[in-house]
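Please look over the sequence and the fold shown here before reading the notes that follow.

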Amino acid sequence: MRLALAEADACLATHDVPVGAVVVAEDGRILGRGRNAREASGDPTAHAEVLALREAAATLGHWRLLGATVYVTLEPCPMCAGALVNARVARVVYGCDDPKAGAVGSLFSIGQDARLNHRFEVRKGVLATECAGRLKSFFAKLRAAGEK
């Protein structure tokens, strides 16, 4: 999760919401990293998880990320949770809940939905205070800049 936090910190240079993700193989190898890049790229799908999954698939040479764990600083949204299902990851470990868009426990439980063809384990709350602190600081600065 500390590597995912480092990815989140790198978002500040591009004014993207500080969310980071890392895909780790069963043997501990880092397969992919990602950070939010919607502002930097102008791409609405450039979420940390999606970018990390793309890099992991490129590293392995195929899209099935069987046995992989994805560490992400913020609970995945519906788009990202769907991508995690499609990538066939084994587990998702995330930092802080997202009560407005969280799709692996807060609003939806996409990764555990028995109607889908794949499910993954979820562990929440890892370094939650640190993860949430980055988001709170980012949005506080954004609000303050808007008030000037």
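What is the order of the five strands in the open sheet? In this predicted model, in which local features need pLDDT of at least 70, side-chain atom pairs count only at pLDDT 80 or more, and totals for chains, interfaces and linings use all residues, the order is β2-β1-β3-β4-β5, with mixed pairing. Residues are numbered from 1 along each chain as its sequence is written, and side-chain values use heavy atoms, with hydrogens and water left out.

**The sheet**
- The strands β2 (30-35) and β5 (121-124) stand at the edges with a single partner strand each, so one side of each is left without a neighbour in the sheet; strands are DSSP runs of E of at least two residues, and helices are runs of H or I of at least four, numbered from the N terminus.
- Neighbouring strands are turned by 15° against each other on average, direction ignored.
- β1 and β2 run antiparallel and are joined by five bridges, where pairing requires that DSSP finds at least two bridges between two strands.
- Within this pairing, alanine 21 stands opposite glycine 34 in β2.

**The helices across the sheet**
- Helix α1 (residues 2-10) lies across β1, β2 and β3 (69-74), running at about 145° to β1; axes are lines fitted to C-alpha atoms, for helices over the stretch in contact, and angles run from 0 to 180 degrees between N-to-C directions.
- Helix α3 (residues 48-60) also lies across β1, β2 and β3, at about 150° to β2.

**Glycine 20**
- Glycine 20 is in strand β1 (residues 20-24), and is buried, with a relative accessible area of 0% (buried means under 20%, exposed over 50%, partly exposed in between, with a 1.4 Å probe and protein chains only).
- Not counting residues up to four places away in sequence, glycine 20 touches residues including Ala4, Gly34, Ala48 and Tyr71, contact meaning heavy atoms within 4.5 Å.
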